[in-house]
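Work through the exercises below with the structure in view. Try each task before reading its solution.

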Amino acid sequence: MAIENFGKPQGGPASGSSTATARRPGRRSLTVYGDLQRDIMLGDIPPLTAILELDIAERFGCSQSTAREALIALDHDGLVDRLPHRGTFVADSRAEDARELIMIRREIECRGVPRIMQRYGSLLRNSLVEIIMSMLRAARAEDAYLLSQLDREFHLKLYEAANLPSVQPILRRCLIHNHRFKILNSKDARDLVETAERHEAIIEALDTGDVAAARAALSHHITTIVEFGPSILPEDAPEGR
């Protein structure tokens with residue numbers, strides 16, 4: 001179903017959700033962090049590459065303290081390893097890790113569905129639809145990285161309604177590494193529009209108001225990662241809880 005043709009959701013109005021404001025690095029280090037994250041996610045800085053604060057400072061015309069802040073943020077994402085007396089290295093991206101993180105992500109997102117459904121309504125739905133529309137624009141522009149960012153935003157926005165702020169950073173880290181592995185291991189050009197459109201089924205399931213249907217749609221979406229084959233699980237549906 002085309003996203004533009006979605007009907008109104010069933011259920012009551014959305015409840016506003018809020019998350020605690022996380023401490024963020026300074027504006028300049030945030031820019032450096034964003035550029036480095038993109039380079040690492042796209043493989044422009046390959047896994048296991050050594051990264052020097054001085055090199056970053058020279059590249060971006062910033063201080064070493066700004067470069068250090070950016071690397072600390074990347075370390076929190078698990079995208080770099082800061083090893084005492086050895087230096088900083090781009091983290092590896094292994095299939096074993098990616099598979100386990102997908103399983104953790106699936107557990108987190110699917111377990112959150114009953115809580116999400118209690119708060120699901122027009123406000124949240126409209127936000128999710130807007131993200132999908134942005135994803136489609138990024139896909140048509142063949143901007144794989146922006147699509148990845150918006151994809152992560154969709155899932156984090158949805159899970160925000162579960163109101164479990166201590167779990168949110170764990171899901172965020174899983175999403176980052178799932179997407180990095182997918183980008184680095186895409187053998188052929190992916191159908192980016194199809195990647196965006198796959199999220200429509202999640203909204204369709206949420207619109208039914210059926211927790212089991214929403215769980216099943218979300219589980220199928222998460223586990224049918226092309227780099228792992230049709231599905232990484234024997235069954236797509238989550239275990240009943």
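**Exercise 1. Decide how helices α2 and α3 are oriented to each other.**

Solution. α2 and α3 are roughly perpendicular to each other. This is a predicted model, and the steps use its computed geometry.

- Step 1. Take the angle. The axes of α2 (residues 53-60) and α3 cross at roughly 110 degrees. They come within 8 Å.
- Step 2. Apply the cut-off. Angles of 65 to 115 degrees count as roughly perpendicular.
- Step 3. Find the residues in contact. α2 contributes Glu53, Leu54, Ile56 and Ala57. α3 contributes Gln64, Ala67, Arg68 and Leu71.
- Step 4. Sort them by class. The contact of α2 with α3 has five nonpolar, one polar and two charged residues.

**Exercise 2. Describe how α3 meets α8.**

Solution. 

- Step 1. Locate the helices. α3 covers residues 64-77, and α8 covers residues 168-184.
- Step 2. Read the geometry. Their axes come within 9 Å and cross at roughly 95 degrees. Therefore α3 is roughly perpendicular to α8.
- Step 3. List the contact. On α3 it involves Asp75, His76 and Asp77. On α8 it involves Arg172, Arg173, Ile176 and His177.
- Step 4. Sort by class. The contact of α3 with α8 has one nonpolar, two polar and four charged residues.

**Exercise 3. Work out the strand order of the open sheet.**

Solution. 

- Step 1. Recall how sheets are held. Strands of a sheet pair through backbone hydrogen bonds, either parallel or antiparallel.
- Step 2. Set the order. Three strands line up as β1-β3-β2, and the pairing is antiparallel.
- Step 3. Find the edges. β1 (50-51) and β2 (80-83) are the edge strands, as each pairs on one side only.
- Step 4. Look at one pairing. β2 is joined to β3 (residues 87-90) by four bridges. Aspartate 81 stands opposite phenylalanine 89 in β3.

Note on methods: Residues numbered from 1 in each chain as written. Predicted model: local features only at pLDDT ≥ 70, side-chain atom pairs only at ≥ 80, totals over all residues. Heavy atoms only, no water. Axes fitted to C-alpha atoms, helices over the stretch in contact; angles between N-to-C directions. Helix = DSSP H or I, 4+ residues; strand = E, 2+ residues; numbered from the N terminus. Parallel < 35°, antiparallel > 145°, perpendicular 65-115°, else oblique. Contact = heavy atoms within 4.5 Å. Nonpolar A, V, L, I, M, F, W, Y, C, P; charged D, E, K, R; others polar. Pairing = 2+ DSSP bridges.
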